[in-house]
Amino acid sequence: MHDIIIIGAGPAGLTAALYALRADKSVLVLEKGTFGGQITYSPQIENYPGFASMSGNEFAEKLVDQVISQGAEIEMETVTAIRDNGATKTVVTEDGEHEAKAVIIATGVKHRQTGLPNENELVGAGISYCAVCDGAFFKGQTVAVLGGGNSALQEAVLLSDTCKKVYVIQNLDYFTGEARLVEKLKEKDNVEFIMGTVISELKGEKSLEGLVLKKESDSSITELAVDGLFVAIGLIPNNAAFADIAGLNEWGYIDSDESCVTKTAGVFVAGDCRQKQIRQITTATADGSIAALAACKYIDG
Ligand SMILES: Cc1cc2nc3c(=O)[nH]c(=O)nc-3n(C[C@H](O)[C@H](O)[C@H](O)COP(=O)(O)OP(=O)(O)OC[C@H]3O[C@@H](n4cnc5c(N)ncnc54)[C@H](O)[C@@H]3O)c2cc1C
């Protein structure tokens, strides 16, 4: 029996572990993929307070070391369900079951990918899924944003402030995001819309050099030279296994607020997988500390 089981070893889950350990609780962290979470895909972080610049891997390594040195148990296991037994919870994984007094879900999100060949090889070498995180690396350069919803339009607005040229590529003939954002982009001299068009190929081996574009209406092909591509075609929260126990909203996020509580007593949520506006390391770590302290309070009565 552990005091707290944390699902997901990203910035939210590891921060939760740190706070719970320092409150003298026994902690088991279960991670299905990469210790450190999504941030390990980032070649450079320049917006985490106190650190002018570091790679995602460097940050993840420091955080994992810190948590292990405080006495956390960390296991590589994929969680498939949580059972509520009242005063205790059973966390079911692909390898077995674990018991705890409280559980924190910190499973993050996946960015929807284009699915094009060599996309993964070019992540961090021209392809990004986050303008807030990586936009500054493309200052004065030419970039494209893929998508037509609010996220894509907001990314384009942000990038247009610093990039030489921003193309917005949308498969439909209209944007699905807010008209207000479209109008804002129309006012910018350095923004161009490419509508009814999909990307059929990513050019470049070591880094992104350009895009092959296919017009949906007549299948005509053109090439576009770009330094960067921001893919903003949606996020997929890793929450399917927790729909019953935690309660999901219409977008699949765990329905919670800054209190990090869920609809089940003793089950808490932290980080990108909960409903929120800003998904960044700072907001994930903030959630981690709040969820851990709430879980400690729940256990101590
Ligand atoms: C390329 C890139 C660059 C970024 N750059 C920045 C930046 O510069 N600054 C910034 O502030 N933010 C940046 N971000 C965003 C930042 O990485 C996230 O906001 C942050 O990692 C969220 O932390 P989290 O712990 O909530 O989720 P995650 O980091 O997603 O961690 C969740 C973890 O849970 C695990 N998991 C999921 N499901 C299960 C399961 N069923 N069982 C067990 N484990 C599970 C996942 O494998 C993952 O390791 C970037 C993101 C990306 C993709």
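1. An oxygen atom of the ligand lies 2.8 Å from a polar backbone atom of D272, a polar contact being a pair of N or O atoms within 3.5 Å. The protein covers 95% of the 1,000 Å² of accessible area that the ligand has on its own, with areas taken from the Shrake-Rupley method and a 1.4 Å probe.

2. The model is predicted: local features require pLDDT of at least 70 and side-chain atom pairs pLDDT 80 or more, while totals for chains, interfaces and linings use all residues. Residues are numbered from 1 along each chain as its sequence is written, and side-chain values use heavy atoms, without hydrogens and water.

3. The ligand is surrounded by 34 residues, the closest being E31, Q38, N47, D272 and I281; a residue is counted if one of its heavy atoms lies within 4 Å. By class, this shell holds 14 nonpolar, 14 polar and 6 charged residues.

4. The second largest pocket contains about 180 Å³ of space. A pocket is an open set of points on a 1 Å grid where a 1.4 Å probe fits, with protein on both sides within 12 Å along at least five of seven lines, and lining residues have an atom within 4 Å of a point. Its lining includes Y48, F51, K62 and T285, and divides into 7 nonpolar, 3 polar and 1 charged residues.

5. To the lining of the second largest pocket, α2 gives the most, with 4 residues.

Terms used. Points joined across faces, edges and corners; volume = space filled by probe spheres on them. Helix = DSSP H or I, 4+ residues; strand = E, 2+ residues; numbered from the N terminus. Nonpolar A, V, L, I, M, F, W, Y, C, P; charged D, E, K, R; others polar. Polar contact = N/O pair within 3.5 Å; in protein donor to acceptor, adjacent residues only side chain to side chain.
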